[in-house]
Amino acid sequence: MSFSSLGLSEALLKAIDKQGYTTPSPIQQKAIPLILEGKDVLASAQTGTGKTAGFTLPMLQILSQGQKLRQRPIRALILTPTRELAAQVHNNVKSYSEFLDIRSAVVFGGVNQRPQVATIRNGVDILIATPGRLIDLNSQGLLSLAKIEILVLDEADRMLDMGFLRDIKRIIGLMPTRRQNLLFSATFSKEIKNLAGEFLHQPVLVEATPENTTVDAIEQKIYRVAKAKKTDLIIKLISDGNWKQVLVFNRTKHGANKLCKKMVSAGISASAIHGNKSQGARTKALAGFKNGSVRVLVATDIAARGLDIPLLPHVVNFELPNISEDYVHRIGRTGRAGASGEAISLVSADETTYLRDIEKLVGLKIPVSIVEGFEPDPNASTKPVKQGQGGGRREQSSNKPKSQGSRRSDDSGNSGNNRNKNRNRGGNRR
Ligand code: AMP
């Protein structure tokens, strides 16, 4: 199958060609024709499946065919859970719209709103946003969603996990009821199905991958290791393997900083990315990692969500996530768009329960290795670490808007209080 058989315009085909894509991915093959027909779509797609182009290409086609209004109101809104994902989606939108008369902009918290407002004033067709900043700008009367024709909820499961349900409902209330809705989610929980039931109009269900399965191209491995030896083991694996680009996951910001320092002391260039870092530092760390000047990026789950680093060869779980779905998201950073990759997890005794839950979720037994000199501690307890233990601090953003009182703040500089309760099991210290 080719992109031209999907009914996309010459201008879009030219942009696709420029990206070097030759064949539409399964999610693109299924979703693009349905979206072009104007249908609401509920799509299950993991990161790395090409879902962004899956909704952006048909959106661009619809918007460029539509009537041009003199004042350029915002006609399409893409909501994302994190700033990084918003920035990344915006980059994709810009690339795919290069040969079209379509303007786009991105707004998210943690940075000065002035340039964002100035861009919107000039008129944009597509706005990519995280919920908090969007609501903020709307409350100040600086943007209107009254002319939205297409709404995309990207990584909707994550938005719910981050407590954005109330914000999403509020944002939807600012839009016309007649519009096309596209909901993308890596997992289909009951909450996602409820959200879809509430906001989507006779949606067509598109499943590019079975629920909660890990991408086949990713080779998964477990190293059983004593907790105290994890740092030395990861340094050894990176050095011996001569790994050039490694994304390492940590459950806590504190742990991420500590590990990053140890890497640097061991002569491995590393940066940390988490919710306590300023947006500038986060952007710089990611850019360094992408251009190869930073070999190791140590990240927490929230900060790393949705990062698109092409052909990332190695992902290491320095600690397993206490939320099994996060494992699927983490290892989705490798083996992207058909490329192969390796996902390694360093597992100590107290993570045994997490490992069991993960294996149950992904439906496979992950092969286990032990490295000589880094054996697991046979006397260590298998009891999971509880919240507040282990030296980690829960990840919270310092950009909590004053107007929203005591609601939980999160990575996009916004707040929410609808966090899915069962995700707090075992401590949620990201
Ligand atoms: P996404 O799942 O949208 O984050 O996309 C994952 C990666 O796949 C991105 O780097 C895209 O540029 C790339 N990509 C998207 N569609 C295709 C395609 N049809 N062929 C090759 N690469 C693609």
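## The seven-stranded sheet

Seven strands form an open sheet with parallel pairing, in the order β10-β11-β9-β12-β13-β8-β14. Strands count as paired if DSSP finds at least two bridges between them. Strands (E, at least two residues) and helices (H or I, at least four) are DSSP runs, numbered from the N terminus. The edges are β10 (270-273) and β14 (368-369), each pairing on one side only.

Strand β8 (residues 218-224) pairs with β14 in the parallel sense, over two bridges. Tyr 223 has Ser 369 of β14 as its bridge partner.

## Model and conventions

This is a predicted model: local features need pLDDT of at least 70, side-chain atom pairs count only at pLDDT 80 or more, and totals for chains, interfaces and linings use all residues. Residues are numbered from 1 along each chain as its sequence is written, and side-chain values use heavy atoms, leaving out hydrogens and water.

## Nonpolar cores

The largest nonpolar core has 40 residues; Leu 8, Leu 57, Ile 78 and Ile 126 touch the most other members. Helix α3 (residues 51-65) gives the largest share of this core, seven residues. Another core, of 36 residues, lies apart from it and includes Val 107, Val 124, Leu 151 and Ile 192. A nonpolar core is a set of buried Ala, Val, Leu, Ile, Met, Phe, Trp, Tyr and Cys residues joined through side-chain atoms within 4.5 Å. Buried means under 20% relative accessible area (1.4 Å probe, protein chains only).

## Contacts of Ile 78

Not counting residues up to four places away in sequence, Ile 78 has contacts (heavy atoms within 4.5 Å) that include Phe 55, Met 59, Val 89, Val 93 and Asp 154.

Note on methods. Buried < 20%, exposed > 50% of the residue type's maximum accessible area, 1.4 Å probe, protein only.
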